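Please read them with the structure open.

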Amino acid sequence: MSNWKLLSGVAAASIMTAAIVAPAEAQVTTSSVRGQVVDANGAAVSGATVTITDTRTGSVDTATTNASGVYAARSLRVGGPYMISVTTADGSAVRENVFLQVNEAFRGDLQVVAERTMDTVTVVGTTGDGTLALGPRSSFGLETIESLPTISRDIRDIARLDPLVTVDETNGGAISIAGTNNRYNSLTIDGIKFNDLFGLNANGFPSQRSPISVDALETLSVEVAPYDVEFSGFTGGTVNVLTKSGQNDFFGSAYYFYSDDDFSGEQVNGREVDQSFQETTWGVTLGGPIIKDKLFFFASYEDFEAEQLLDAEDLPGASGVSQATYDTVRQITVDEYGFDPLAFGGIDPVTDKKFLANLDWIINNDHSAKLTYIQNEGNEIQPRNNGADLGSPSTWYDRSEETTAYAVQVFSDWSDNFSTEVKVAYSEQITGQQALAGSDVANFEISTPDGTISIGPDFFRHANELENELWQFKLKGEYVYGDHVFKAGYERDDQTTFNLFVPGSEGSYEFDSIADYQARTANTLFYQNAVTNDENDGAANFGFAVDSLYLQDVWQATDKLTVTAGVRYDRYSSDGEITENPNFEARYGFKNTTDVDGLDIVMPRIGLNYEYSDNVTLRGGFGRFSGGSPAVWISNNYSNNGVNIDSVFQAGFRGDDLTNIDARNVPTAAQNALTAGDGDVNVLDPNFEVPSLWRANIGADVYFDIGQMEGFKWSFDYIHGVNDKAAYWKDISCADQAIGSSPDGRPVYNCGLDGNFLAGLSNQQIVDFYRDGEISNALVGSRASFDTDGDGNVGIDEVEVAPEALLLTNIDKGKQQIFTTRLGKDWGELGQLGSLYTSLSYTWQDSTDAHSGTSSTASSNYSDYAAADRQNPTTSVSNYQREHEFKIKLDWEKEFIENYPTKVTLFGSRRSGAPFSYTYDY
């Protein structure tokens, strides 16, 4: 199975790099220059004043060389062009047209001579131009971003240029980096953490689509194995986005895009498809000076609107249920239950609005500040059928996301040797999941001659609200001492979460026929709610924080070898209490109230960069990384404590009264059946440790020529990672020893059932009992006394003595082996053919784990993955492995009209398909 994608567009040629450094945590937003000044004989020049000028804004930074002739300038704005100059008694030197990338330690060596010389250097993301690389990294500047064809106008289209990034369109556009779970990545924009803080969205964003416009981007970088200790919050990779800032000249753009089904194909693998749609996008950007050389602004706004695209299976006809049958059921709902399940069609368009504003203030030559504001509001209609053949529009829901973020950063140079950075940021993410006809009525599933129909909000939309807030604080200092750059910092991320998630709180009914539905007589009812029958009492309201300290030394050991070594310490604290469940403690001997409070982890790292020759640079490193685990996994323990929420199942065949059903009022008998203290429990292992990944890499950049063809660049990296205390789920209500085996040999466990009932049953009877959920009295003999409802069968619920108890714990299994290589060449001017740049990459992955953590709830994480023995997991191929992936990028440019170039970019990828398993439903 393979996937091939090809995009084309009008844009500029670009260059992609394998690695550039002084890697920075995703929160880093600036760049730096470091170099040595020597005289004509190569001797160090001390006491010289080096001037670094940003020609866009006129801002000037100065630095004085130390006894070794070394100087450093920090907290520089990304991009350029910059000019670096020095004048001494022995002469002068200047480097022009220097471009910097995020937290790039540009090597700005200068040699002064009696007669002034001009040394022009252009940095476009290649390590051979004086930048320092430790691990695999891609950085994409403004030229690349503007040149890239992106149909969806999404930052994922830029990130996917990196050989180690895979965008899975079959999983909501999930970004997998280096073969790991999309939830284990980090995304920041202008220093603001922009992950989906709770962990529900497959795309990893707090929004339905890209959180900011691509027209607002200045640069985007992808880090996989950075060894700078500022990096944290991921075990997959980190995507760091910086947006544009104002300058002394005004600049801006206006754009409009339109697309509909006339621009798309009509067949998929030879099958005719009908996907009528229409969408528009428009936006504007503007940047410039408020006070020239002092205060600058940049703003961006984008508006997206589209008709909802529906699959044929979501509509009457293709679903198997006719329009006439649906119309009959709809009318009964209006007449008998008092609400309209809605007609198919007439759904409001989906929208997405993005706004960004930046203010940059150059206070003086030593101090600067930046203020960022980001807002995004978007929605998408989610068709649902709740397991039925056809879901009415009332079962569909409007999933909305609203994100607001602010950040203030202050950068200060207190001396030639000492600088600081202070940051305060706040973000709020609000997720709405509103059923189209309202969420305050029951869900009905009706059996009809055509198939089953779902009416009313789907099971998971009855009580579903989510809000997350995050405060970020950062204080960092850097000190240059001889050949060393020492760095120390403190950071705090403080997150609070409100999560109301009580599925089925309005009741979920099944009706055997249309006649029964019209008579308001149900066959079954499943009702789950807070034991007070007020769904709001089932909400989880909690918070947790991570305090971090780090210390690092970047040592220029020789003129060719740079060593980066440091350590980071993260400590967790929590706010909010998990309701204690005495029944749980009595069964298992420990409390269910364990949270993340007091957890900590030490992350040592070391990286090396060695300039073997002018054309060959070697790099490598080893270190520990942690973070990226979604908050939803912790939230499960607050919500599902077995005390606050209970459920009840009622059935007419058992004698329960399910007549005169009211869509807005659950039967009193069901409400009274809810009891506190013995429901299903999700719990954190008291011995739980922070999951992490030990990662090492070795790589190289090689520049070479082939005959008259000059300027080839070949890069490769080998990455090896080992999971340490990876997360997985285990049902501790299950006995340690299996009581039987399935036909294919998989073990069957007694999970919370009465051992007296199971004793003496044959292996086949045990297997059938678990499969069918009940067993006939005629087959179990004397154990028929367990048939408490007298229906002639013993059901699992009648012999359950302990509810499900899912333990989130650790396991030391799983590893990664990755090899990636790429070859690039700028062919330059090819006469009448124009200019051409080409890049080709290949990545091989071998990624294994004991649990891929593909879901948001403990129950589905435990049950919804392929396994031979969930109680004793084994290592297998990761869900996120893509064994082979090829990528190609071509940039072509030609001036058909002088000074007005035409530019075309092509990008294509081909990869092996996602791993899959054959499983038994038995």
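Which residue in β15 stands opposite Thr-188?

1. The residue opposite Thr-188 is Lys-193 in β15. Bear in mind that this is a predicted model. Strands β14 (residues 186–189) and β15 run antiparallel and are joined by two bridges.

2. β14 and β15 belong to an open sheet of five strands, ordered β11-β16-β17-β14-β15. The pairing within this sheet is mixed. Its edges are β11 (137–140) and β15 (192–193), each of which pairs on one side only.

3. On the surface there is a patch of negative charge, where Asp-261, Asp-262, Glu-266, Glu-305 and Glu-307 gather. One of these, Glu-266, sits in the loop that lies between β18 (251–260) and β19 (267–268). Glu-266 counts as exposed because its relative accessibility is 57%, and the cut-off for exposed is over 50%.

4. Strands β40 (residues 692–706) and β41 (residues 709–724) are antiparallel partners, with 14 bridges between them. Within this pair, Gly-699 faces Asp-717 of β41. The two strands make a hairpin with two residues between them. In the turn, Gly-707 has a positive phi of about 60°.

5. β41 also pairs with β48 (residues 814–829), again running antiparallel, through eleven bridges. Here His-720 is opposite Gln-817 in β48.

6. Helix α6 (residues 631–639) is mostly covered, and nine of its nine residues are buried. Among them are Trp-633, Ile-634 and Tyr-638, along with the polar residues Ser-635, Asn-636, Asn-637 and Ser-639.

Technical notes:
Residues numbered from 1 in each chain as written. Predicted model: local features only at pLDDT ≥ 70, side-chain atom pairs only at ≥ 80, totals over all residues. Heavy atoms only, no water. Pairing = 2+ DSSP bridges. Helix = DSSP H or I, 4+ residues; strand = E, 2+ residues; numbered from the N terminus. Buried < 20%, exposed > 50% of the residue type's maximum accessible area, 1.4 Å probe, protein only. Patch = residues over 30% accessible without salt bridge, like charges linked within 9 Å, V, L, I, M, F, W, Y side chains within 5 Å. Areas by Shrake-Rupley, 256 points an atom, 1.4 Å probe, with all protein chains shown as cover. Salt bridge = Lys/Arg side-chain N within 4 Å of Asp/Glu carboxyl O. Lys, Arg positive; Asp, Glu negative; His and termini not counted. Charge placed at Lys NZ, Arg CZ, Asp CG, Glu CD.
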